[in-house]
Amino acid sequence: MYNTVAQIDSAINLLSGWFPQYFTKIPLPNASVQRRPISALRMRFGAGPERRGVLLVGGTHARELMNPDAIIDLAVDLLRSHANGTDIVYGGFRFTHAQVDLVLRALDLWLLPCLNPDGRIYVMTADDMWRKNRRDNPGTSCDGVDLNRNYGGLWGVTQGQTSCAACSDVFCGPKAFSEPETKNVKVLLDQHSICCFADVHSYSELVLYPWGHAPTQTVDSTKRFTTLPSGTCAPIAQAGYKEYMPPRDLLRFQTVGQRIVDAVQSVRGRVYTNEPSIGLYPTTGTAGDYAYARHIADPRLRKTYGYTFETGPWLGSGPESFHPADPTLIKRDAKAAMLTLALQCVCAIELIGWNVLARDREISLLRTVRDELLATTEAGGQWIDLFDRRQHQLLALILSDERLEKEAGALLERAGKLLEDDKAEVLEKDVTRAEAFLRKLAERSGDKEVERDLRSVSSVMARLAGRRSRETIEILMKEPPGKKPGAT
Amino acid sequence: MKRDPKGNSDIRFEATVHAKGKAAASRVVANLDLDRIPDPKGHVRVLLTADDLAPLLEQGVEVRIVQAYPVKPLDPSLIEDDEAAKAKLEEQTRGIKREGRP
């Protein structure tokens with residue numbers, strides 16, 4: 001069964017009305033083409049300033065009916081889990097109450113379940129395979145703009161499945177952001193600290209990341225979409241053009257994408273494919289590419305990791321695949337994917353920095369060390385990977401114990417001081433304190449693999465006393481976790 | 001594909017398009033601005049109206065119609081009832097303290 005637009009709106013109203021401690025209704029500034037109001041939900045637990053954000057958008061393409069309902073269902077699942085102290089279980093996938101608590105305390109979840117209400121209504125009342133919005137295109141007898149071709153960045157370049165013809169189902173519109181629906185997504189990205197984004201589509205069981213207009217490469221940084229003309233209504237003129245992405249970003253897209261794939265597979269065995277968007281077919285002006293491209297076009301903007309999910313398998317025909325008679329199992333897969341993306345967006349250092357120190361000085365310093373130093377060597381990359389792999393499990397432990405959280409904050413503060421002053425040395429007492437903290441975490445985790453990773457950190461820590469911060473970073477850049485000193 | 005509520009496109013065809021290579025089929029479909037949908041075997045699958053067929057065939061490709069269906073609203077039996085939707089939300093959130101009123 002599928003919810004109507006009115007039912008989705010009602011769910012937003014009821015959830016935000018009944019549970020203001022979790023939900024805030026966010027009326028978006030632009031009504032749809034047919035003047036219907038469009039609202040988002042912000043979900044979080046606890047007060048405080050704006051947090052890292054995850055934006056989940058559903059219903060861009062009208063006929064892909066499952067995802068708006070999956071996003072509302074996800075909000076309800078999170079609420080029930082958090083309020084009742086229970087885990088979320090989808091088949092073989094388990095998202096613990098501690099993980100739910102972490103997500104709701106660390107993040108702002110921005111849920112925009114139904115981006116294209118006019119299209120959804122049209123699907124339910126006139127044409128069940130309608131894709132676009134309901135724009136009346138002047139001078140033609142054809143209606144609709146494909147909202148997922150209407151975003152900025154490389155708009156209006158007719159690479160592959162993108163068209164400047166109003167009668168096409170992949171019509172990009174008369175200009176970038178001509179449509180009120182896409183403007184609403186831009187508003188959310190402009191006004192909030194969105195770090196992770198997913199535009200949730202159907203079907204074909206894919207986790208897509210940029211780029212859609214050209215193959216992705218990590219070698220030639222002069223090949224940027226910003227150097228290409230947009231709005232040409234022609235394909236990219238340069239033969240063999242490949243779009244640049246920094247290696248660290250590509251690795252991040254692939255790593256997080258694979259975790260999403262693994263999570264979905266654990267639900268009931270469906271194997272999604274993680275690949276660049278062009279793997280489906282070439283496109284321009286899509287939401288996922290735009291979300292990521294923004295910080296490249298304007299370096300003042302925050303980087304957002306933009307994904308497109310294509311939920312559900314082929315079920316024998318277009319209509320059945322876009323809106324199967326029973327979407328229950330596909331929605332579970334989709335919810336596992338969205339939850340995993342949200343968890344991957346939590347940054348332990350940032351959360352502790354804000355919670356305990358109420359500032360981002362140390363966070364910025366450590367981010368610089370990670371991105372500009374550690375990420376440049378293989379050994380450094382392995383330290384980043386170890387941190388990424390364990391941070392959420394350990395963060396849940398830290399947040400459950402006020403003393404551990406304070407101690408984490410104190411260690412973060414000390415790390416910041418060492419990084420700020422090139423001449424400052426790591427003291428014996430710094431090492432002792434950090435080792436004691438790691439021991440406590442290892443004891444609490446009760447997980448052999450976590451203990452092993454923490455031992456790797458401890459063993460390198462033991463050698464840092466008396467060294468300046470720059471030297472300690474150089475050690476991490478040369479020696480991967482688990483390597484014995486002096487070994488080759 | 002021209003799905004025009006004011007026009008005559010009352011039948012939709014689902015088809016796969018074949019040429020000497022997948023790239024060639026993809027190019028033809030892209031050039032004609034057709035509604036391409038994912039295909040489970042990696043073929044080039046499209047949704048077409050009757051008006052789309054002639055220009056497609058003129059490109060020298062092979063078009064295999066796999067299904068035809070009328071343009072129609074979603075099966076009403078797939079649409080949730082308003083009362084049932086609200087009752088489901090009530091049931092799912094039963095026992096959770098409501099701190100506000102809608």
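This is a predicted model: local features need pLDDT of at least 70, side-chain atom pairs count only at pLDDT 80 or more; totals for chains, interfaces and linings use all residues.
**Entry: H13(A) itself**

At 1.5 Å a residue, its 19 residues should span 27 Å, and the end C-alpha atoms do sit 27 Å apart, so the two agree.

A reminder to myself: an α-helix has 3.6 residues a turn, so residues three or four places apart point the same way.

I looked up the domain assignment and got domain 1 (5-345) and domain 2 (348-478) for chain A. Their centres, taken over C-alpha atoms, are 34 Å apart. The contact uses 8 residues from domain 1 of chain A and 8 residues from domain 2 of chain A. On the domain 1 side, helix H3 (residues 97-106) of chain A gives the most, with 5 residues. By class, that side of domain 1 of chain A splits into 4 nonpolar, 1 polar and 3 charged.

**Entry: the core**

Which residues touch the most other members of the largest nonpolar core? Leu341(A) and Val346(A) do, out of 149 residues in that core. Helix H9 (residues 328-345) of chain A gives the most to this core, with 10 residues. Domain 1 (5-345) and domain 2 (348-478) of chain A both contribute residues, so the core lies between them.

I then listed the contacts of Val346(A), skipping its neighbours within four places in sequence. They are Leu102(A), Val103(A), Ala106(A), Leu107(A), Leu351(A), His392(A) and Leu395(A).

**Entry: chain B against chain A**

Last, I turned to the chain contact, which takes 39 residues from chain B and 49 residues from chain A. On the chain B side, the elements giving two or more residues are strand S1 (11-18), helix H1 (22-31), strand S2 (35-37), strand S4 (62-70) and helix H3 (82-92) of chain B. H3(B) gives the most to that side, with 5 residues. I noted the classes there too: 17 nonpolar, 6 polar and 16 charged residues on the side of chain B that touches chain A.

How values were computed:
Residues are numbered from 1 along each chain as its sequence is written. Chains are lettered from A and ligands numbered from 1 in the order in which they are written. Domain bounds come from an automatic or database domain assignment. Two residues are in contact if their C-beta atoms, placed from the backbone, lie within 7 Å. Helices (H or I, at least four residues) and strands (E, at least two) are DSSP runs, numbered from the N terminus. Ala, Val, Leu, Ile, Met, Phe, Trp, Tyr, Cys and Pro count as nonpolar, Asp, Glu, Lys and Arg as charged, and the others, Gly among them, as polar. The expected span of a helix is 1.5 Å times one less than its number of residues. A nonpolar core is a set of buried Ala, Val, Leu, Ile, Met, Phe, Trp, Tyr and Cys residues joined through C-beta atoms within 7 Å. A residue is buried if 20 or more other C-beta atoms lie within 10 Å of its own, exposed if 12 or fewer, and partly exposed in between; C-beta atoms are placed from the backbone.
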